Amino acid sequence: MATSRLERIGTIFTRAEGLLKHGAIKPDDRPIWFDVYQAFPPLVEPKFARPKPENKPIRQILYKEDTIRAKFHMQGHGLGLNMLSPYGETQTKKLIQKYEQLQREGVQDTELVEKSVSAVVSHKESEQITIKANSESATAQVLSEANLKNIFKQ
Amino acid sequence: MFPRIILNRIFKNVTIIPRYNSTAAKPLEHSDNNEVILKAKSSPLDHPDYFQVHSLFNVKDLFDARVHFGHKEGSLNELMAPYLYGSRQGHLIFDLDVTAEHLRRALNFTAHIAYRGGIICFFNRNALNAHIVEKTALECGEYAHTRFWKGGIFTNANHQFGAITRLPDLCIFLNTQNNILNQHTAVRDCAKMLIPSIGIVDTNCNPNLITYPVPGNDDTPVAVELYCKLFKGAIQRGKEARLKFLQEAEEQGTFA
Amino acid sequence: MPVSKYFSSSLHSVYNKNARQYSSSHKNTTNAHDINDQFTDWETLNKKKSISKPMKAYLERAREHDDFMKKQQIEYNIGKRHLTNMMGEDPETFTQRDVDRAIEYLFPSGIYDPAARPLMKPPEEVFPARKAAEFDEAGRPHHFLFYTGKPNFFQLLFDAAEHLENLHKFEDKVLRNKAIPEQKSKLDLSSGVWVSKDQLEIMLVETISDLEYDNFKLVMERLVSTPYSYRCIDFIEKFRKPLASQKFALEIPKPSFDEEGRAYITTYECLRKKARGDVTIHSPGTGKIIINGKDITYFEDIQSREQVIFPLIFTGLQNRVDVECNIEGGGPSGQAGAIRWGIAWGLRSFVDKSMLESMQVAGLLTRDHRRRERKKPGQPGARKKPTWKRR
């Protein structure tokens, strides 16, 4: 096309418009995006020479429970993550919930961390035991009965 | 992030937020109303959202696909600052309301180009996501370039392909960087050759030459999958409308 | 219903407001209305069908190419008529093979590389085939990777990645079902190698760089190394070729036995230069060698005798087998060479596999196809030039 290839001058729209205005391309040969751009221009004009936005400090995102979280993490609790079940609640979240619950119940501040950790851990262990018992009964049977030869034929 | 999303969801039933800035999914009862408008107007360009691309996604989808994650603070490109929500422990977080608005503009533009029979080319230099991008291009009958960019494919096309060649009418960059240091040369070449471009720009990218920049995470496979799905949806809607239009034109031609 | 009505009206007001904002922001660049008045609506424009610029250019080039090929064909036919005239043969039954023979006779060439020798071939063979149009009438390319410049090669990589992904999915499925992998899942590819770069280029009708060929091999190796790669054996086999002849190991004949119970084997058609003969080996024996009824002194020079006994010494069977041969034609060195090959070929039945391999490496089992080179006019020999004198 007859356009200037200096991409730093104006935008693609202004350059195409210039060509049209001065007859370098016929109105009916205009690029197909031209009308669409005109009807739905981008929110910011895509100019290369664009003033940099004013240098505002970046807002720090902090939550109320960050202080509680820090208490646990400092002692090494709740840092792990179970990648196999990403949809359950994380260890840290459980700890914080327990912490808040215990705080409401009036447990002393010095004992809060230790008590919530032990409560969450014991809860987790009991959960694991139930899962184990279940797996021995139902799912294990299904798995052992699965037709191993037929899975290749799927 | 969360409180804002929830807020919008709560208020959806109570007050009417202008569709244009809304982050929630489009309510269904709205569609029959649109058809009435559609018949009254002659050109799809007069309609604010002819292809209903607003209904393709909502902000929760973006959040689930981890679109809001940026890079670390140190690598921030100053031009990306207006698109940020903040920084969480040194990691930049995008404002998904802004992202959604930009993305809807981009999708609308894509659908219109597809409707007009334009050539759309997907770009991506991240090897991890290259296959899904190529697959998307194949599935929606468009084009992809996820390999090493030989200079001059656009700027010296007639020589490169040994014939006069029609260049793409829209380039979609699913990441705009070759590596962490250099911008993809095709971004510059698009601007040179008067080809509009859509680009997912991360916090370390320069959005200047991209016609329709979409601020968002450009590395995570889940996010790229979502972008691919959305652009595919927009292109398919555009193409369906095109098919309908061509059929009508043919019928008119036979009657006349 | 009233709610949705309000909804749509609010929506439009917002859009209109926005549109006004944008147009005002562009006002400084142009007075857009002047141009817009001249625009034909896209919908009306699109109803007129026209051939795109790229297609027009392609059709033009295709026509030029056809004309060129037609001209070349005519010239080839005229050349063929001249050749038949010169050779005094019937033009109707003069085939391409006759053309090649005539050219070889009329323009003898000692150049080693066959590609550099004079030739006359039909134009379709001389001028490489050109790619057909890569785009349709609207100028849209047919291939989704067209803009990469090497669509077929990258399509190959794309397919490999697709197969790889499917295999991973299948593997996951098997693991989930807790099955034991099948035995045949290991793919045995020892009997072949990947196609060479040149062959791949011919397959793809594209030139590829060394780096790209390495990438191709890397991807294919990775595909092969995954478990269950046998599931895409068809795809893999397309890019493999069988390893060059290990056939001799399979085709070794079993020796026959005569009345005395001795094993013997005869090799016919032992050729070297113009000599031709057959060799019979008896085992067990005492190392007797009979050539045309005489012993080894049939050859007068030492070199020829060495040639004959070399395979026997090499295999260590010089005192354990008897050799009997009939040979005719050629000179002593040609006859000795023919016998040497015949003995080595016959001894295959009497040696073990490791010896067979070392015989192969030593070149005993290789036929020597060299023939006498013809004398060229204007010089005293095949290669020899007249003595150069200053004046």
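## Close-up views of a predicted model

**View 1. F123(B) stands opposite F173(B), the latter lying in strand β6(B).** The model shown here and in the views that follow is a predicted one. Strand β4 of chain B, which covers residues 120–123, and strand β6 of chain B, which covers residues 170–173, pair with each other in the parallel sense over 4 bridges. These two strands belong to an open sheet of 5 strands in chain B, whose order is β5-β4-β6-β7-β8 and whose pairing is parallel. At the edges of this sheet stand β5 (143–145) and β8 (212–215) of chain B, each of which has a single partner strand, so that one side of each is left without a neighbour in the sheet. On average, and with direction ignored, neighbouring strands of the sheet are turned by 20° against each other.

View 2. For chain B as a whole, the mean pLDDT is 84, and 82% of the residues reach 70 or more. Residues 1–41 of chain B call for caution when the view is read, as pLDDT stays under 50 over this stretch, for which the model has 43 contacts beyond four places in sequence.

**View 3. Q89(B) is a residue with a positive phi in the loop between β2 and β3 of chain B.** The loop joins β2 (84–88) to β3 (91–94), and within it Q89(B) has a phi of about 50° although it is not a glycine. Most residues other than glycine have a negative phi, and most peptide bonds are trans. Because Q89(B) has 10 C-beta neighbours inside 10 Å, it counts as exposed.

**View 4. Chain A and chain B meet through 27 residues of chain A and 31 residues of chain B.** On the side of chain A that touches chain B, helices α1 (12–21) and α2 (33–39) of chain A each supply at least two residues. The largest share of that side comes from α2(A), which gives 5 residues. When the residues on the side of chain A that touches chain B are divided by kind, 17 are nonpolar, 2 are polar and 8 are charged.

**View 5. Helix α7 of chain C runs over residues 151–176.** After α7(C) comes K178(C), whose phi is positive, near 55°. Chain C as a whole has 13 helices and 7 strands, and buried residues make up 17% of its 391 residues.

**View 6. V205(C) lies in the loop between α8 and α9 of chain C.** Although V205(C) is not a glycine, it has a positive phi of about 55°. V205(C) is exposed because 12 other C-beta atoms lie within 10 Å, and a residue with 12 or fewer such neighbours is counted as exposed.

**View 7. An open sheet of 5 strands in chain C has the order β3-β4-β5-β7-β6 and a mixed pairing.** Its edge strands are β3 (256–257) and β6 of chain C, each of which pairs on one side only. Within the sheet, strand β4 (residues 263–272) of chain C and β5(C) run antiparallel and are joined by 8 bridges, and C270(C) stands opposite G277(C) in β5(C). Helix α12 of chain C, which covers residues 332–347, lies across β4, β5, β6 and β7 (322–328) of chain C, and it runs at about 40° to β5(C).

**View 8. The peptide bond from S283(C) to P284(C) is cis.** Its omega is near -5°, and P284(C) is found in the loop between β5 (275–283) and β6 (289–291) of chain C.

Conventions
Residues are numbered from 1 along each chain as its sequence is written. Chains are lettered from A and ligands numbered from 1 in the order in which they are written. This is a predicted model: local features need pLDDT of at least 70, side-chain atom pairs count only at pLDDT 80 or more; totals for chains, interfaces and linings use all residues. The expected span of a helix is 1.5 Å times one less than its number of residues. A residue is buried if 20 or more other C-beta atoms lie within 10 Å of its own, exposed if 12 or fewer, and partly exposed in between; C-beta atoms are placed from the backbone. Two residues are in contact if their C-beta atoms, placed from the backbone, lie within 7 Å. Ala, Val, Leu, Ile, Met, Phe, Trp, Tyr, Cys and Pro count as nonpolar, Asp, Glu, Lys and Arg as charged, and the others, Gly among them, as polar. Two strands pair if DSSP finds at least two bridges between them. Axes are lines fitted to C-alpha atoms, for helices over the stretch in contact, and angles run from 0 to 180 degrees between N-to-C directions. pLDDT is the predictor's confidence in each residue, from 0 to 100.
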